[in-house]
Amino acid sequence: MSIPRPDGAPGAWFEDGFGITPELLRRVMSAALSKGGNDCDLYFEHAASTSVRLSDGKVNAAGTHVDLGMGVRVVVGDQVGFAFTEELTPAAMMAAAATAAEIAEHGDPRTVAAPVAVRVTDWSPVLEPWDQVDMATRVKMIRDWEQRAFARDSRIARVESSMADAAMVVMIVRPDGRLVEDWRPMTRGHITATAIVGEQRESSGANVAGRAGLEFYDSARQGRLVDQAIDRTVFLLDAGKPPAGEMPVVLAAGPSAILLHEAIGHGMEADFNRKGTSIYADKLNKRIADKDVVIVDDGTVPHTRGAVNVDDEGNAGQRTVLVEGGVLRTYMHDEISARHYGVAPTGSGRREGFRSPPIPRMRATIMENGPHDPQDIIRSVKRGIYCQTFSNGQVHIGGGDFAFYMKTGFLIEDGKLTRPIKDVNIIGNGPQALERIDMVGNDMIIDEGGWTCGKNGQSVPVSQGMPTVRVAKLNVGGMG
Amino acid sequence: MSKHTDSKHADSKHGLDSLLDLGQRVVSLARELGADQVRAGVGRGVSTELSRRDGHIEKAEKSRSLSVRASIMVDGRFSAHATSDLRPEALREFLGRAVEATRFLEPDLNRRLPDLETMGDADIDALDMRDASWDDLDPAYRQARCADLEDRVRAAGSDLKIRSVTTYAWDGSSDHVTVTSHGYQSAWRSTSFGGGAVISLEDEGGRLPEAYFTTGARHQADQLGPETIAKQVIEHGRHRLGGGPTASGRYAMLVENKVAGRILGTLIGPMHAEAIYEKRSCLDGKLGQRVANEALTIIDDPLLPRAAGSHPHDGDGMPARRRTLLDRGVLQEFLVDVYNGRRLGWEPTSGDVGNLIVPQGVRSPQAVLATLPQAIVVEGFLGGNTNPASGDFSFGVNGVLYQHGHAVRNISEMNISGNLFELLDRFSEACDDAWIWSTWRTPSLLFHDIQFSGS
């Protein structure tokens, strides 16, 4: 199940389909601001997704999901009143607006401008939209992945493959009259494999994800997905644990950017900073990293999972330079934090859906290229580890402690990759880790995996990219 | 905040008839459109959350939800669907497309509905999952609770440099309905109340460690008191100050009751029949074998009145029952749902767990620590993961290093690593402090000779 891309004027999807007229929008907005308030947003969402799964050699399960509703947020200073309805009737929307309005108890009603459509740049244009792709095409594709996976290595005993696609139409309306409509495609392909040799069994997999239609799955990407799933699984058969303790860590280009996300990115989300609870709260315009370090959070990288045409407050997606020449230049702002700091929003106000209010979030968080050859970085380490792939991470924002779980990698001995290693948690302190990045490679890759970030109970799709880097010292959860 | 009523939630205070009607309508419609078997689930929820930061309301949030799930079989083919767009014409179109999409799949008769005679409910009234006082909850209650808690947190931590205090209170009501095309139906209701506090402290080196404490209960009267919450969050905060790694090595590890479920949870994933069937379980072939020290017993009891994980039936509609998963170290039962049971040729035992209980021991954590020359008390985990196929695990930890019962330094930026079987074999004692405000109801747990990596 999918939603066709709206071909009418912005706002037409909800006006034609659900009777949400400009006059009704103005009434609901006026109700939300009837007791005053600095700001308000109405966020409408209509989303539909389809998934298919192969197991036991059969494509024997599928699912569809439809979400429809509207969230209304009223902001008074840094206070938020929020309510949502899954029923797009005037009565239900007015009731939700009245509930959200209660956060402002003593103010005068605000004047609300008539909605005027604003067009935004589409960073992820789709060639083959999912509403025109039949189930048979999806079924054939994941069956082909399974067959290629089995053919790649005789030690593979089981393969599960799946894919999901989604389309979402959102409409955001603001008190100044801005009305933005955005169409948001997404797809994700996934393979899980199990290898068995004697008594030993190992399971792993790979996935690819992006904002695109069927054209996302070109032959090269499908080949990478199959190869990565099988290579990562059979790699585990021969891998062991690294030694325990603090040591130099070389992070491979691409998925290693989970370090950026956990150790650094969350601490630069402005809500933690305006509250004074982030370890970066007093570090604006101060040096926090080596001069070779440039970090951006970018919503304009086409077709990435973290691409944002417009954020969920109606601000255009943009590229935000967080760290330049090692100096912290700005945070990622939503409207509340931008007002607090007296700066423009950075297009970082995102939400999981209409059931949640927006907060500052990452999009595609990227460390840009440095001057070093990746091989020189490996050669520079006497004894340490080289991290290739990861599964998850976590951070304590204020203390700065972070962790990420390395799934596969190598021991580095005398500047060479030697024994394969697996399944270790790596832990450190964000600002210290940033300071300890002392070599930055020239091979930046944006990982194409389906990363999802959780914060305040809300999940949003994100991307991340990084060149090979050396961190002089991190704590590796090995043995011995 | 006042309540409002709309047509989707018109009987939110008065029973479940309209939800059962909706479930029946979904079943009838799907059958009419070509489905052979249908299982419809209807969920309705109303919840409110208030948070207060440093003396001011930060966020007031109210949500109402109503959605439908439908699992359908069409010519022996299976698919599962969900929607919150319940307009009659939209629902019909949604189910019609679902039926048509299902025809493209391959048959899997293991997905058919469970036999009707295996389905049913435990005594819903005895579970006592709904607090009628929620219907008339005074909106001022949340504000008062948040303000009171903040005052108590600041008082308990008056000697600390507190950067920020956020307190929150939430409550809600959920209604659950299941209807099938072969005549099963179930309806039950529950409430939840909860709250907690998050503090941010000023520490050396510009660090701002945070600590949090959250609890919940089915009934308002069962909630943990604000004095206890304040004491706990401040104590955790003190243990985050000046923390750092200590030397790598093997230590006794006492995992605090509130977080012990995280470490024992590594055992639950591989118990599921799906993991066994898909050859991703390190417990495959170990039923009836000793997989942990004989000091460890784990009971699954979904029938505890008012408890967080209690439920009248599992996801297949099988009546909930108490069972022993691990008896003195011996694996007694896998978590077998109907579908994976059929794939494996095994009788289903239920794939869902309710309240997981580790029987408590006789010594307090303090008494245990006093007998140990050195031990690390783990109060929290950071990141980490488990390989369910091999049992290898690695987790970040924070807590306190004790020597002969005395706290000597706060610990952070450390990892524990090993293999699940090795870890469980090194379990030695459950303390007397069972924690009951979670689906994991465990006391603090002592393990010996655990690998910590630090400085």
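**Exercise 1. Give the strand order of the open sheet of 6 strands in chain A, and state which strands form its edges.**

Solution. In this predicted model, the open sheet of chain A has 6 strands in the order β11-β10-β9-β14-β22-β19, and their pairing is mixed. The edge strands are those that pair on one side only, namely β11 (327-328) and β19 (445-446) of chain A.

Next, consider one pair within this order. Strand β9 (residues 295-298) of chain A pairs with strand β14 (residues 364-367) of chain A in the antiparallel sense, over 4 bridges.

**Exercise 2. Determine how helix α2 (residues 22-32) and helix α3 (residues 90-101) of chain A pack, and which residues make the contact.**

Solution. Two packed helices are described by the angle between their axes and the distance between the axes. For α2(A) and α3(A), the angle is about 25° and the axes are 7 Å apart. Angles under 35 degrees count as roughly parallel, and therefore α2(A) is roughly parallel to α3(A). The crossing of these two helices is right-handed.

The contact is then listed by helix. From α2(A) come A:Leu24, A:Val28, A:Ala31 and A:Ala32. From α3(A) come A:Pro90, A:Met93, A:Met94, A:Ala97, A:Ala98, A:Ala100 and A:Ala101. By class, this contact has 11 nonpolar residues, no polar and no charged.

**Exercise 3. Carry out the analysis for helix α4 (residues 140-156) and helix α5 (residues 226-238) of chain B.**

Solution. The axes of α4(B) and α5(B) come within 8 Å and cross at roughly 45°. This angle makes α4(B) oblique to α5(B). The crossing of α4(B) and α5(B) is right-handed.

On the side of α4(B), the residues in contact are B:Asp148, B:Leu149, B:Arg152, B:Val153 and B:Ala156. They meet residues of α5(B), among them B:Pro226, B:Glu227, B:Lys231 and B:Ile234. The contact divides into 8 nonpolar, no polar and 4 charged residues.

**Exercise 4. State the domains of chain B and describe the contact between them.**

Solution. The domain assignment divides chain B into domain 1 (7-238) and domain 2 (249-453). The C-alpha centres of these two domains of chain B lie 25 Å apart. To their contact, domain 1 contributes 25 residues and domain 2 contributes 18 residues.

**Exercise 5. Describe the contact between chain B and chain A from the side of chain B.**

Solution. Begin with the totals: 67 residues of chain B are in contact with 74 residues of chain A. The elements of chain B that each supply at least two residues include β2 (56-74), β3 (77-83), α2 (88-102) and β4 (162-180). The most is given by β2(B), with 11 residues. The side of chain B that touches chain A has 20 nonpolar, 27 polar and 20 charged residues.

Finally, look for strand pairing between the chains. Strand β2 (residues 58-76) of chain A pairs with β3(B) in the parallel sense over 4 bridges. A:His65 stands opposite B:Ala82, which belongs to β3(B).

Terms used: Residues are numbered from 1 along each chain as its sequence is written. Chains are lettered from A and ligands numbered from 1 in the order in which they are written. This is a predicted model: local features need pLDDT of at least 70, side-chain atom pairs count only at pLDDT 80 or more; totals for chains, interfaces and linings use all residues. Domain bounds come from an automatic or database domain assignment. Two residues are in contact if their C-beta atoms, placed from the backbone, lie within 7 Å. Ala, Val, Leu, Ile, Met, Phe, Trp, Tyr, Cys and Pro count as nonpolar, Asp, Glu, Lys and Arg as charged, and the others, Gly among them, as polar. Two strands pair if DSSP finds at least two bridges between them. Axes are lines fitted to C-alpha atoms, for helices over the stretch in contact, and angles run from 0 to 180 degrees between N-to-C directions. Angles under 35 degrees count as roughly parallel, over 145 as roughly antiparallel, 65 to 115 as roughly perpendicular and the rest as oblique. A crossing is left-handed if the near helix is turned anticlockwise from the far one by less than a right angle, and right-handed if clockwise.
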